Amino acid sequence: MIILKSISGKEFCLNCDLIYKIEELPDTVITLTDGKTIRVVNSTDEIVQRIIDFKRKIFLNLPEGSSK
């Protein structure tokens, strides 16, 4: 989940695995895999960086697997 800010100024969490595409039109519009759209004030670069940070946080904290 990444935290974004909507056009109305409210923050919300978005499951970044549901993002189909991100466009800047001039608002940033996120299209989800189900076709719904969300307008946010965050830039595309900012959203991509938040996704990278979120994924990195998850994969760096994975427990080591058992060798058996």
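Predicted model: local features only at pLDDT ≥ 70, side-chain atom pairs only at ≥ 80, totals over all residues.

Visitor: Okay, strand 3 and strand 4: how many bridges join them?

Guide: Five, and the two strands, residues 19–24 and 28–32, run antiparallel. They make a hairpin with three residues between them. As one of the pairings, glutamate 23 has valine 29 in strand 4 as its bridge partner.

Visitor: What sits in the loop between strand 3 and strand 4?

Guide: Proline 26 is found there. The peptide bond joining leucine 25 to proline 26 is cis, with omega at about 10 degrees.

Visitor: And on to strand 5. How does strand 4 pair with strand 5?

Guide: Antiparallel again, over four bridges. Threonine 28 stands opposite valine 40 of strand 5. The hairpin of strand 4 and strand 5 has four residues between the strands, and glycine 35 takes a positive phi there, near 95 degrees.

Visitor: Is strand 4 mostly covered or mostly open?

Guide: Mostly covered: five of its five residues are buried. Thr28, Ile30 and Leu32 point one way, while Val29 and Thr31 point the other way, and all are buried.

Visitor: Where is cysteine 13, then, and what does it touch?

Guide: Cysteine 13 is in strand 2, residues 11–14. Setting aside residues up to four places away in sequence, cysteine 13 touches Met1, Ile2 and Ile3. For a sense of scale, cysteine 13 and proline 26 are 13 residues apart in sequence and 22 Å apart in space, C-alpha to C-alpha.

Visitor: Cysteine 16: buried or exposed?

Guide: Buried, with a relative accessible area of 8%. Cys16 also belongs to the largest nonpolar core.

Visitor: Which residues make up that core?

Guide: There are 10: Ile2, Leu4, Leu14, Cys16, Ile19, Ile30, Leu32, Val40, Ile47 and Ile51. Strand 1, strand 4 and helix 1 each supply at least two of the core's residues.

Visitor: Pick isoleucine 47. What is it in contact with?

Guide: Leaving aside neighbours within four places in sequence, isoleucine 47 is in contact with Ile2, Leu4, Ile22, Thr28, Ile30, Val40 and Asn42.

Visitor: Which side chain does asparagine 42 have a polar contact with?

Guide: That of glutamate 46, and the polar contact between the two side chains is 3.0 Å.

Visitor: What else does asparagine 42 touch?

Guide: Not counting residues up to four places away in sequence, asparagine 42 touches Leu4, Lys5, Thr28, Ile47 and Arg50.

Key
Residues numbered from 1 in each chain as written. Heavy atoms only, no water. Pairing = 2+ DSSP bridges. Buried < 20%, exposed > 50% of the residue type's maximum accessible area, 1.4 Å probe, protein only. Polar contact = N/O pair within 3.5 Å; in protein donor to acceptor, adjacent residues only side chain to side chain. Contact = heavy atoms within 4.5 Å. Core = buried A, V, L, I, M, F, W, Y, C linked by side-chain atoms within 4.5 Å.
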